[in-house]
Amino acid sequence: MTTLSPENSLSARLSASFILVKRKPPIDKTEWDSFFDENGHLAKSRDFICVNILERGLHPFVRTEAWKFLTGYFSWQSSQDERLTVDSMRRKNYKALCQMYEKIQPLLENLHQNFTETRNNIARDIQKIYDKDPLGNVLIDKKRLEKILLLSYVCNTQAEYQQGFHEMTMLFQLMVEHDHETFWLFQFFLQKTEHSCVINIGVAKNLDMLSTLITFLDPVFAEHLKGKGAGAVQSLFPWFCFCFQHAFKSFDDVWRLWEVLLTGKPCRNFQVLVAYSILQMVREQVLQESMGGDDILLACNNLIDLDADELISAACVVYAELIQKDVPQTLKDFFL
C-alpha cells in the first residue's frame, strides 16, 4: 500500500471543494483573453487555467479556442503568430492526407475487405444521426463527417473505427468551422485521453481499474458484483466506448465532462471515477434487487439527463476520499 503525497491530497480537497460553495460562472471570452499578453503568450500558468476549467468550465464562446490548447492542437507556450502558422500547417497536412486517400482508395477497395466493411459501417452509423435542431435547421454535414471518419480510419492505425466514433466526431464538427480542425481535434482528443474510449486499447483497462476501485472503496458492493460473475462490471463497457455521451441531457454537458478529462485534473483517468460515481447512484437499488450486469447497466441508463457539474463534483469527492487512504500501487499508477 502507498499513501499519496500531501500535495496531491491538498489538490484533491481543493478540486472537490467547489461542490460546497456556489460555483463561479464559467470562463468567458473577456477572462480567457486576459490569460494572454499582447503577443498571445500565456500570462497565467497552464495549471491555473486547467484548475479553473475543472472547477468552473468554459463558456461556449471560449470552448473552441480553449480546446485547441487542451488537446495539444496548439502548444501552451505558443504566441498568436505561431498559432496562425500551426493552424495553416494543420490545414495543409489535412489536405495532403485527403489527396493521399483519394489516390489509394481504389487499392483499398480492391485489396482490403476490412476497408469496405468499415466504410459501410461508417455510412450506416452516420445515417442514424439526427442532424437537425428543433427548428429543423441542419446542424451537421454528413458527407463531410463521413470523409473525416474514413480518413481517420485509414490514417490512425492505433484506433480503428468503432461504433460511437461517428457521434464523437459529430460533436467536434459542431464545435469548429473547418474539416481540418474537426479531424485533428478528434485525433488529439484520443491521444490526450490515452485512447481510453478505444476498445482494443483503453476500455478493458478502464473496466479492470473500475473493478479494483470498487473493491478498494466499497467491498460490500464489490462482493455483490463478484457474486454476479465477471460480466457484472464488464457489461458497463459502453460508458467508456461512448465516453459517457448518452448519459447527459445536452451536448454542453458532454463537452463539459470531456474538457475536464482533457485538463488531467484532478487526476489522470478521471473517467473511471466518473463511472464509479454513476454506479454509486444505483448502488442501493442494485443491492436490494440483487441485480446482475445487464440489469445494472439498464438501471444506470435510466439515470437520464445527468448534470455534468454534479457528476464531476461527485467524482472529485471520490478522488478526495481515495487520496486520504493507503492506496494500492495499481491505483496510484493509474490515477497519478
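1. Let me start with a helix pair: α4 passes α9 in a left-handed crossing. The residues that make this contact are W67, K68, L70 and T71 on the α4 side, and E181, L185, F188, F189 and K192 on the α9 side. Please keep in mind throughout that this is a predicted model.

2. What angle do the axes of α4 and α9 make where they cross? Helix α4 covers residues 60-71, and its axis crosses that of α9 at roughly 45°, the two coming within 9 Å. Angles under 35 degrees would count as roughly parallel and those from 65 to 115 as roughly perpendicular, so α4 and α9 are oblique to each other.

3. Helix α3 (residues 46-56) and helix α14 (residues 251-263) have axes that come within 9 Å and cross at roughly 150°. The cut-off for roughly antiparallel is over 145 degrees, and α3 and α14 are therefore described that way. Their crossing, too, is left-handed. From α3, the residues C50, I53, L54, E55 and R56 take part; they meet R256, E259, V260 and T263 of α14.

4. Is α8 mostly covered or mostly open? Nine of its 11 residues are buried, which makes α8 mostly covered. The buried set consists of F165, H166, M168, T169, M170, L171, F172, Q173 and M175. These residues pack against several helices, namely α4, α6 (113-128), α7, α9, α13 (237-241) and α14.

5. Now for the aromatic rings. The model holds 25 aromatic pairs. One of them joins F165 and F186, whose ring centres are 5.3 Å apart; their planes stand at 80°, so the pair is edge-to-face. F165 belongs to helix α8 (residues 165-175) and F186 to helix α9 (residues 179-192), so this pair ties together parts that are 21 residues apart in sequence. Both F165 and F186 are buried.

6. There is also an aromatic cluster to find on your screen. Its members are W32, F35, F36, F48, F69, Y73, F74, W76, Y94, F183, W184 and F188.

7. Where is Q163 found? Q163 is in the loop between α7 (142-155) and α8. Its relative accessibility is 46%, and Q163 therefore counts as partly exposed. Beyond its neighbours within four places in sequence, Q163 is in contact with D125, K128 and F242. L108, by comparison, is 55 residues away from Q163 in sequence and 21 Å away in space, C-alpha to C-alpha.

8. Finally, a word on N206, which has its place in helix α10 (residues 199-217). Is N206 buried or exposed? With a relative accessible area of 2%, N206 is buried. Setting aside neighbours within four places in sequence, N206 is in contact with S196, F240, Q271, V272 and F334.

How values were computed
Residues are numbered from 1 along each chain as its sequence is written. This is a predicted model: local features need pLDDT of at least 70, side-chain atom pairs count only at pLDDT 80 or more; totals for chains, interfaces and linings use all residues. Side-chain values use heavy atoms; hydrogens and water are left out. Rings of Phe, Tyr and Trp (its six-membered ring) pair if their centres lie within 6.5 Å; planes under 30 degrees apart count as stacked, over 60 as edge-to-face and the rest as tilted. Helices (H or I, at least four residues) and strands (E, at least two) are DSSP runs, numbered from the N terminus. Buried means under 20% relative accessible area, exposed over 50%, partly exposed in between (1.4 Å probe, protein chains only). Contact means heavy atoms within 4.5 Å. Axes are lines fitted to C-alpha atoms, for helices over the stretch in contact, and angles run from 0 to 180 degrees between N-to-C directions. A crossing is left-handed if the near helix is turned anticlockwise from the far one by less than a right angle, and right-handed if clockwise.
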